[in-house]
Amino acid sequence: MQILIIYELKTIMKKFFLLTAMIIATTTLSSAITIDDFCGKYSKAQDATVLKLDKNTLAMAMSLNKVNDIIKQIDEIVIISLENCSNPGKENFADDFKMIKDKSYKTFVKNNEANEKAHILIKENEGLINSMVIISIDEKDCAIVKITGNIAMSSIDSLVGSMKF
């Protein structure tokens, strides 16, 4: 009789641990968001300003010699600005940013200062940047800039090299 009770107790404990592990895994996965989810959520925010520049609009900017090569490689630029967003809005933005779990992007540049945070994430394929996302949070503004296209890393290197700091 005691052996049967111990066996049933072990079975119940195994089921409990399995159920607990499943709940934890589900909670973790459901709280993770992708870059596209993040951009989509904040592009619809009440105080958001969204600016989309497509290939045709960018063609008009090709008169600038230094960026001409890069502009040819860009399909679209989307800028989402939450001007003067409230502190709770900034906290939500920052919290959501921390929840991004998108394996297709990797961190390119990360800057965390006291009142400013800036992260640049890239999605790369065969030496070309298919997507670059710049996320910035400071005292007055939260912003997302998403650039899509097929941008050669050498083009970015030459642009940065031509700038005077």
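Analyst: Let us begin with a term used throughout: a contact means that heavy atoms lie within 4.5 Å. In this predicted model, Lys146 is in contact with Asp36, Cys39, Glu76, Ile77, Val78, Tyr105, Ser131, Met132 and Val133, leaving aside its neighbours within four places in sequence.

User: In which strand does Lys146 lie, and is Lys146 buried or exposed?

Analyst: Lys146 is placed in strand E6, residues 141–152. Buried means under 20% relative accessible area. Lys146 has a value of 17% and therefore counts as buried. Its side chain is also joined to that of Asp36 by a polar contact of 2.4 Å.

User: Which pattern do the elements follow along the sequence?

Analyst: The chain has 6 helices and 6 strands. Read along the sequence, they give the pattern α-α-β-α-α-β-α-β-β-β-β-α. Of the 165 residues, 28% count as buried. Among contacts between residues at least 6 apart in sequence, 57% join residues at least 24 apart.

User: How is confidence in the model to be read, and which element has the lowest mean pLDDT?

Analyst: The pLDDT is the predictor's confidence in each residue, from 0 to 100. The mean for the chain is 77, and 70% of the residues reach 70 or more. Among the elements, helix H1 (residues 2–31) has the lowest mean, 56, while strand E5 (residues 128–137) has the highest, 91.

User: Why do the buried residues of helix H2 line one face?

Analyst: An α-helix has 3.6 residues a turn, so residues three or four places apart point the same way. In helix H2 (residues 35–43), the buried residues are Ile35, Phe38, Cys39 and Tyr42. Seen down the axis of H2, these buried residues fall within an arc of 95 degrees, so they line one face of the helix. Lys41 is also found in helix H2, but Lys41 is partly exposed, with a relative accessible area of 47%. The C-alpha atoms of Lys41 and Phe93 are 9.8 Å apart in space, although the two residues are 52 apart in sequence.

User: What does Leu58 touch?

Analyst: Leu58 lies in helix H3, residues 55–60. Its relative accessibility is 6%, so Leu58 counts as buried. Not counting residues up to four places away in sequence, Leu58 touches Leu53, Ile71, Ile74, Asp75, Glu76 and Ile77. Leu58 and Ile71 are 13 residues apart in sequence, and their C-alpha atoms are 6.5 Å apart.

User: With which side chain does the side chain of Ser81 make a polar contact?

Analyst: The partner is the side chain of Asp141, at 3.3 Å. Ser81 belongs to strand E2, residues 74–83, and is buried, with a relative accessible area of 13%. Ser81 touches Asp47, Ala48, Thr49, Asp141, Cys142 and Ala143, not counting residues up to four places away in sequence.

Technical notes. Residues numbered from 1 in each chain as written. Predicted model: local features only at pLDDT ≥ 70, side-chain atom pairs only at ≥ 80, totals over all residues. Heavy atoms only, no water. Helix = DSSP H or I, 4+ residues; strand = E, 2+ residues; numbered from the N terminus. Buried < 20%, exposed > 50% of the residue type's maximum accessible area, 1.4 Å probe, protein only. Polar contact = N/O pair within 3.5 Å; in protein donor to acceptor, adjacent residues only side chain to side chain. Arc of directions from axis to C-beta.
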